[in-house]
Amino acid sequence: MSGAAAEIVFDRVTKRYPGRAEAAVSDLSLTVPAGEICCLVGPSGAGKTTAMKLVNRLIDFEEGDITIGGESVRSLDLTELRRGIGYVIQQVGLFPHMTVAENISTVPRLRGWEKGRTRLRVDELLDLVDLPAEDYRARFPSQLSGGERQRVGLARALAADPPAMLMDEPFGALDPITRARLQHELLRIQGAVRKTIIFVTHDIDEAILLADRIAILREGGVLAQYDTPARILEHPADDFVERFIGSDRGIKLLSLRRLDELELAPLDGAIDLRASGDTTMRDALSQMITHGSRSLVVVDSEGQPRGVVTLDALAALAE
Amino acid sequence: MSGGLLLAQGEPIIPDFGEGSDCVVENRFFCPDWVRDNWAGVIQPALLQHVKLVVIAVAIGFVLSFAAALVAHRYRLVEAPFTAFSAVVYTIPSLALFQLLVPVTGLTVTTVEIALVGYTLLILFRNTLEGLRSVPPDVLEAARGMGYTRGQTLWRVELPLAVPAMFAGLRVAVVSTIALATVAALVIPYGLGYPIFLALREAFKTEIVVAGGLAVLMALVADALLVAAQRALTPWASARRLA
């Protein structure tokens, strides 16, 4: 398994732990289309990490099936299955005794790639995760910051070009600034590599930012809703989902949309506030509130004014 | 320094040091000329024998402990019995252990080696096992998630990461075995213990100082070599941490 992204299908999967009455994952069916990011969210005890670990069989299951690119994960050899799926965890789990380059080349070496090819791949990946290869190749994990470690973790998971990736709260342990930067890096990288990614998080804002589709799980691993972020925010399936996404869902919805989508009012007079067209409506609203202004000028990439967004226009949208 | 273990007969000692310099005749603390005269005949052979005793004992002890630690790492049940066995051996006084072994293996180097190996087991076993278990759980999970087999995880992750703990154990084992091996002279005329043994009988200071000093020096050199070897083997452990 390597190369092009593969569709991941959960087909009526149930996972019970011995000695526990309630199932950890209950009759879970969902399809993650090839090349999309699916965020699994939910409160603790909702089985999101369990559901993710069923895919590379770090946790085994008996009921139902999971297929990757049409192949059942149970029909594949266990080590081959895992080597074909990128795996990123919150604590990163870099090998402390290996350099950055050795860490990244773990799976290529397991697969017996020849040295020259592996070396090229390592440099290519370091470049992709924005760590200069010259500077980072020979470092040990102890010589990296938390954010750098997770970049290396991401590069390591991508090394053998797997069709699918599993990410378990990869940015959960990072400070907010580093986390935001890495979230955007992940989107940029995903734009380039187009993997099928299952991403576990308890942070609904992170899910809204990253996901093509969000699966919201409730206690007992029951799927409450599976849809695009916009549709979940616009039409929460039930009270549980509504409570889980929070009372500020109108604002969250604005974070999915950019000023470019709006029809701009003509310029009239001097307005101090400016923002580019790719600013989210949420950020634009926040700027207006912060500066006590009822409108904001949208500028193009050269900084030339294109038109005006008003508070009323945003308010009308969120309905 | 009168009245050591072997001088307790109560008889006065009137040492006859034969012909020698004033230093030797007066039994001063340290006589370089005696050392020069007896280096090739007495001191150097004893030193080499001592090195041999220690190297063989630690090597065998390491192989046994290493194998036992691997088994105990895989099958937890093995840990308690082996720990108990090696701890009991460790608590037996060396003199008593020799007494126990002599009827079986005689007054031989084998008797000495068995005892010395026995004393290394506890520290080497515990440290190797602790080292194998010290691998952070996230590192093990990443290894499993990336498709390392159990054997690959052991040889490529757990063992390399156990090396610092193993070296810590080796350092203690080597230094204590060097000290302990001097007692071998009670069984056989072998190692640095033997000149000390003879010199004690005559209360001849220079020989005690030279042989004892060499044992100390040997321990220091061996420890330094082990530290250097560990640094070379585990560059990651001494890598400059990020501030």
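1. The second largest cavity holds about 40 Å³ of space. A cavity here is a set of points, on a 1 Å grid over the protein atoms alone, where a 1.4 Å probe fits but cannot get out, and its lining residues have an atom within 4 Å of a point. Grid points are joined across faces, edges and corners, and a volume is the space filled by probe spheres set on the points. The lining is made up of L154(A), L158(A), M165(A), L186(A), I189(A), Q190(A), V193(A), K195(A) and I197(A). Helix 7 and helix 8 of chain A are the elements that give two or more residues to this lining; helix 8 of chain A gives the most, with four residues. Helices (H or I, at least four residues) and strands (E, at least two) are DSSP runs, numbered from the N terminus.

2. This is a predicted model, in which local features need pLDDT of at least 70 and side-chain atom pairs count only at pLDDT 80 or more, while totals for chains, interfaces and linings use all residues; side-chain values use heavy atoms, with hydrogens and water left out. Residues are numbered from 1 along each chain as its sequence is written, and chains are lettered from A and ligands numbered from 1 in the order in which they are written.

3. By class, the lining of the second largest cavity has seven nonpolar residues, one polar and one charged. Ala, Val, Leu, Ile, Met, Phe, Trp, Tyr, Cys and Pro count as nonpolar, Asp, Glu, Lys and Arg as charged, and the others, Gly among them, as polar.

4. The structure holds two cavities of 30 Å³ or more. The largest cavity has a volume of about 70 Å³. Its lining includes M146(B) along with residues of chain A, among them R82(A), Y87(A) and R156(A). Strand 6 of chain A gives the most to this lining, with three residues, and helix 2 and helix 7 (146-158) of chain A each supply at least two. The lining divides into eight nonpolar, one polar and three charged residues.

5. The largest pocket has a volume of about 490 Å³. A pocket is an open set of grid points with protein on both sides within 12 Å along at least five of seven lines. Of its 17 lining residues, H184(A), D205(A), L209(A), S255(A) and T280(A) lie nearest the centre. The largest share of the lining, six residues, comes from helix 8 of chain A. Six lining residues are nonpolar, four polar and seven charged.

6. The contact (heavy atoms within 4.5 Å) takes 26 residues from chain A and 22 residues from chain B. The buried area, meaning the accessible area (1.4 Å probe) that two parts lose on being put together, summed over both, is about 2200 Å² between chain A and chain B, and carbon and sulfur atoms give 64% of this.

7. One salt bridge is counted between chain A and chain B; a salt bridge is a side-chain nitrogen of Lys or Arg within 4 Å of a carboxyl oxygen of Asp or Glu. K53(A) and E141(B) form this bridge, at 3.3 Å from N to O. The side of chain A that touches chain B has 13 nonpolar, nine polar and four charged residues.

8. Over all chains, the whole structure has 26 salt bridges. One of them joins R16(A) and E63(A), with the closest N and O atoms 3.4 Å apart. The two residues are 47 apart in the chain, R16(A) in the loop between strand 1 (8-15) and strand 2 (25-32) and E63(A) in strand 4 (residues 63-68) of chain A.
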